[in-house]
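We will go stop by stop.

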Amino acid sequence: MKKVLMPLAMVATLALVAYVGVEFLKLQFIFGVVIPYTAAVLFVAGFLFRIADWLIRPVPFRIPTTAGQEKSLDWIRRNPIESPHRAWEAAARVLSEVLLFRSLFRNIRAELRKDASLAYASNKWLWLGGLAFHWSLLVIVLRHARFFFAMVPGFADFLDHADSFFDVTLPAFYISDAIALGAITFLVARRFFDAKVRMISLPTDYFPLFLIGGIVLIGVLMRYVVRLNVMPVKDLMLQLMNFGFDPPGEIGTLFYVHLFLISVLLAYFPLSKLMHMGGIFLSPTRNLCNNSREKRHVNPWNSDIKFRTYSEYEDDFREKMKKAGLPVEKQ
Amino acid sequence: MRINKTILTIGLPALLMFALLAFFRQSGNAVEAPKAPPAPVAVDSTKCIAQTEYMRANHMKVLYEWRNSSVREGNRVFIAQNGSRFQKSLKTCLGCHATNRLFCFNCHMYANVRPKCWNCHLSPMETP
């Protein structure tokens, strides 16, 4: 219980900090300018550091996890995606992992039945929930481009229109908002109600979920319920994009809570499991070609070993071998 | 026999449709024909229909409420807090905000929203 309540209390406290700071202490400049810049710097520097750190680690041997026939004789049908042999095949594999979560699709659930028999069944819910969660968050983030650029890039514009496709309610209802809220609820509930997952869940699993949930919830509240004037928000965002330092205009406090939680998320990102965003691309069990049989991979930090060939050995001992009656290759 | 069947397959659904239609025509919430727009009471045109600060953030919610209540419930008159009466229509907004044709668009271009209202309704850019 404590491992759920602690992160929840932390997110609530963070939200309260921003609320009190802006509503009562009038720290608009701190929460609107200083903290977002700091968080952005921490995010970019931390992210690059983690990636660089992973990149310079040597990966001497091929350790891809495979689930298909590797390239062999011509007449044996091979599986290019499950057991990649060329770089582009490995790239296709990584991309399908990133975009479609292929390995989660194979998720299998083990269940002890009432009659004490163990049953396995395909379980696609995690895959579906994860996909809905990540994609809707991506769409939401890209859609926010309309606050960050004076000339909004075309694809963000397109996303915005596609997302408000139903054209119900004003301000227009975004499909991704509903999907994100539903998916977060499902992912949290999964950790609560599945005993096995509850067992292995840590506070560091709940914290980002609650944090992102809080951000989405406040965003949805600001859009549909307690609206605030969007003009000064865009002023502030354009200013941040231009590295300006003017104090923000009159914006509702809820916006600062939203912004502060996002700042916390950004700063926390490189320190946490959220780094799987960059790490998935560098995962050696996914991005390596399975070509150990075709190509010799030598461990780069092996010291040079002086090998002695058989012919050298025979040169040394030829006479003795002949005396002992052993066969020799060269007379 | 064959002809009877065809008559049945076409006739029965048709009959059903007519029955349904008749039913809904009767049971539908009959909305009164819109009355003539409210007599133009002297309106204070220096103030918006609600507080300016509220309008900046919430004008689309006002429009949403107006559209639903006037088109669906036939309640076409909006009474502002100071007692002035307005016809619930986009035209009302433009009546006061006509001096600047770009009044709606300036903000919307800046915030990158493109309300679809002007697809059908008269846009401030089209008024003479």
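**Stop 1: where the chains meet.** Start with chain A and chain B. Here 19 residues of chain A are in contact with 15 residues of chain B; contact means heavy atoms within 4.5 Å. This is a predicted model: local features need pLDDT of at least 70, side-chain atom pairs count only at pLDDT 80 or more, totals for chains, interfaces and linings use all residues, and side-chain values use heavy atoms, with hydrogens and water left out. Residues are numbered from 1 along each chain as its sequence is written, while chains are lettered from A and ligands numbered from 1 in the order in which they are written.

Together, chain A and chain B bury about 1700 Å², 54% of it on carbon and sulfur atoms. Buried area is the accessible area (1.4 Å probe) that two parts lose on being put together, summed over both. Now select L170(A), R227(A) and M231(A). In chain A, these lose the most area to chain B, together 35% of what that side buries.

**Stop 2: a salt bridge.** Select R114(B) and D157(A). Their side chains meet in a salt bridge, at 2.5 Å from N to O. The term means a side-chain nitrogen of Lys or Arg within 4 Å of a carboxyl oxygen of Asp or Glu. The rule finds 2 salt bridges across this interface.

Which helices of chain A each supply at least two residues of the side that touches chain B? Select helix 7 (154-163), helix 10 (203-225) and helix 11 (230-241). Helices are DSSP runs (H or I, at least four residues), numbered from the N terminus. Helix 11 of chain A gives the largest share of that side, 5 residues.

**Stop 3: the largest core.** Select L211(A), L236(A) and F255(A). They have the most contacts inside the largest nonpolar core, which has 51 residues. Such a core is a set of buried Ala, Val, Leu, Ile, Met, Phe, Trp, Tyr and Cys residues joined through side-chain atoms within 4.5 Å. Buried means under 20% relative accessible area (1.4 Å probe, protein chains only). Helix 10 of chain A gives the most to this core, with 11 residues.

Stay on F255(A). Beyond its neighbours within four places in sequence, F255(A) is in contact with M222(A), L228(A), V233(A), L236(A) and M237(A).

**Stop 4: V22(A).** Find V22(A) in helix 1 of chain A. Is V22(A) buried or exposed? V22(A) is buried, with a relative accessible area of 1%. Leaving aside neighbours within four places in sequence, V22(A) is in contact with L27(A), Q28(A), F31(A), T253(A) and Y256(A). Last, select S311(A). V22(A) and S311(A) lie 289 residues apart in sequence and 83 Å apart in space, C-alpha to C-alpha.

Conventions:
Buried means under 20% relative accessible area, exposed over 50%, partly exposed in between (1.4 Å probe, protein chains only).
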